[in-house]
Amino acid sequence: MNPQTCHKIDQNLTSTDVDQLKFLCIDMIPKKHLEMVIDAKDLFQRLDEQLLLEDGLLIPELLFTIGRIDLLEILKTSKEEVKRNLSKRVSAYRKMLFIISEDMTEENLRSVKFLLELPKAKLGPSASFLDVLIEMEKQQRLGKDNLNELYDVLEKCDRQLAYRIENFKNMHPEQESRLPLQEMSNNEQLSLLNQMETERVDGRRRGSSVSTIVTDSDTPSLSDEYYTMTQRPLGYCLIINNFNFENRTSFRNRKGTEKDKDDLVKLFQKMHFEVEVQNDLEASDIKDVIMKFAKKDHTQMGAFVCCVLSHGEKGAVLGIDGKAIEIRELTRPFAECNTLACKPKLFFIQACQGNKAQNSVLAADGEVNDTEEETYEEDAHIPALNSVPIEADFLIGMATVEHYQSFRHTKYGSIYIQELCKQLKSLCPRNEDILSILTKVNREVSIRVLKGYKQMPEPRYTLTKKLVLPLDSSF
């Protein structure tokens, strides 16, 4: 590396940054030499001595890994180029440990130190989690094929942290018999880099949502409790947006649906879904596009999402030709999709489920809600005799309960979809599970009075695990 470039990078790195870089390089530099490193210039010199800088890929990847994206410009590169040209030298094992360190809160760190019973003479109050990991490795209590002790301790402090190890084991079942550096595929490396990028908030530790120590030794593993949401892309998201009904039917055009569509696109893109929008579909076209997505290969994906914005009736949605499609016809093809087996399949339906209007009822000891005076329309039709059966690992978020209307503002979008987007945007970064979020959506929608009436959303689900959706922190 050019000495001036090296000096400029060194001048912009903090002591914490250097410690993180040293941790990621433990497998590349003899420990005796690494312990003598005091700054980035020393570290880069040691890496150069090991002939690791010849291709120019390692340092950009290291800087990207610790979140110093701003320094890539000095190297005349970008995070996109780093992702395309991985050095393959930083092990998946060490990156996984680094991710855990980024999520470690002070309270959890104190608990980890206490439970590990490490020597206080070597690890005082100021010792970081990376210091703890290094000491465990020195004592041969931690390694790429020796993760059980750390897993057990993290599970008692914060299950989300333990899940990192569980997920690593699932992604690398052959890890014990492989070399840690050279034999990692680009896809595996990129998956880890994407995971770190999405979970980092402004380059700082975001902290974990759970800090209570769990003492039950029989607590199930995280893979048994949570769906895995680390795939990138996470899955396909299909949005069916029906606006133009007046040319074909007696229904009004669905003014305001563009706002719902735009907000859903932005939201699910930030959740790392590949989003596709289909506008103004007849009933037969809806069936065709559903079959198209059900026949896709979802092997590398973690979930599937379908949002339908249309007029509707009980148990069905309408094409722009006024013909009804039962919701079961939307879900059944995905229940039969082998590559989505045991993965969450989410459907959000903005449509009426009948033509009745829910009357407002005053609650005891409560305040009367102010009536909404703005322009709202119903997505209603005459109800049909259909039900909405769902198989395992489905969630269907209905804008309203059966028999009743849902409401849509002609400018600002539907009440349900707008509240859904708002709560997902607010609560996903806090690691709230989807059912807790939908409960909040129910509450916020139900307290409003629309054209003198109420609306009550209804989630129906057969999820078998907790679902925590990721959300890009820049959103």
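Let me start with E458, which is partly exposed, with a relative accessible area of 25%. On this scale, buried means under 20% relative accessible area, exposed means over 50%, and partly exposed lies in between, with a 1.4 Å probe and protein chains only.

A word on the source. This is a predicted model: local features need pLDDT of at least 70, side-chain atom pairs count only at pLDDT 80 or more, and totals for chains, interfaces and linings use all residues. Residues are numbered from 1 along each chain as its sequence is written, and side-chain values use heavy atoms, with hydrogens and water left out.

Back to E458. Its salt-bridge partner is R460, with the closest N and O atoms 3.2 Å apart. A salt bridge here is a side-chain nitrogen of Lys or Arg within 4 Å of a carboxyl oxygen of Asp or Glu. R460 has 15% relative accessibility, so it counts as buried.

How many salt bridges does the structure hold? There are 19. The general idea is simple: side chains of opposite charge can pair when their charged atoms come close.

Two more pairs. K287 bridges to E329, with the closest N and O atoms 3.5 Å apart. This pair links distant parts of the chain: K287 lies in helix α15 (residues 283-294), E329 in helix α16 (residues 327-335), and they are 42 residues apart. Helices (H or I, at least four residues) and strands (E, at least two) are DSSP runs, numbered from the N terminus. K287 is partly exposed at 39% relative accessibility. E329 is partly exposed too, at 27%.

The other pair is R141 with E149, where the closest N and O atoms are 2.6 Å apart. R141 counts as buried because its relative accessibility is 19%. E149 stands at 27%, so it counts as partly exposed.

Next, helix α2. Why call it largely enclosed by the rest of the structure? Because seven of the 10 residues of α2 (residues 15-24) are buried. Those residues are D17, V18, Q20, L21, K22, F23 and L24. What do they pack against? The partners are α3 (31-35), α4 (40-49), α5 (58-65), α7 (92-103) and α9 (129-138).

Take Q20 in α2. Its relative accessible area is 7%, so Q20 is buried. Leave aside neighbours within four places in sequence, and Q20 is in contact (heavy atoms within 4.5 Å) with I66, F98, E102 and L130.

Last stop, the sheet. It is open, has three strands in the order β4-β5-β6, and pairs antiparallel. Which strands sit at the edges? They are β4 (312-313) and β6 (324-326), and each pairs on one side only. Two strands pair if DSSP finds at least two bridges between them. Two bridges join β4 to β5 (residues 316-318), and these strands run antiparallel. G312 has V317 in β5 as its bridge partner.

Helix α16 packs on this sheet, touching β5 and β6, and its direction makes about 45° with that of β6. Axes are lines fitted to C-alpha atoms, for helices over the stretch in contact, and angles run from 0 to 180 degrees between N-to-C directions.

E326 is in β6. It is partly exposed, with a relative accessible area of 22%. The C-alpha atoms of E326 and G315 are separated by 5.7 Å, though the two residues are 11 apart along the chain.
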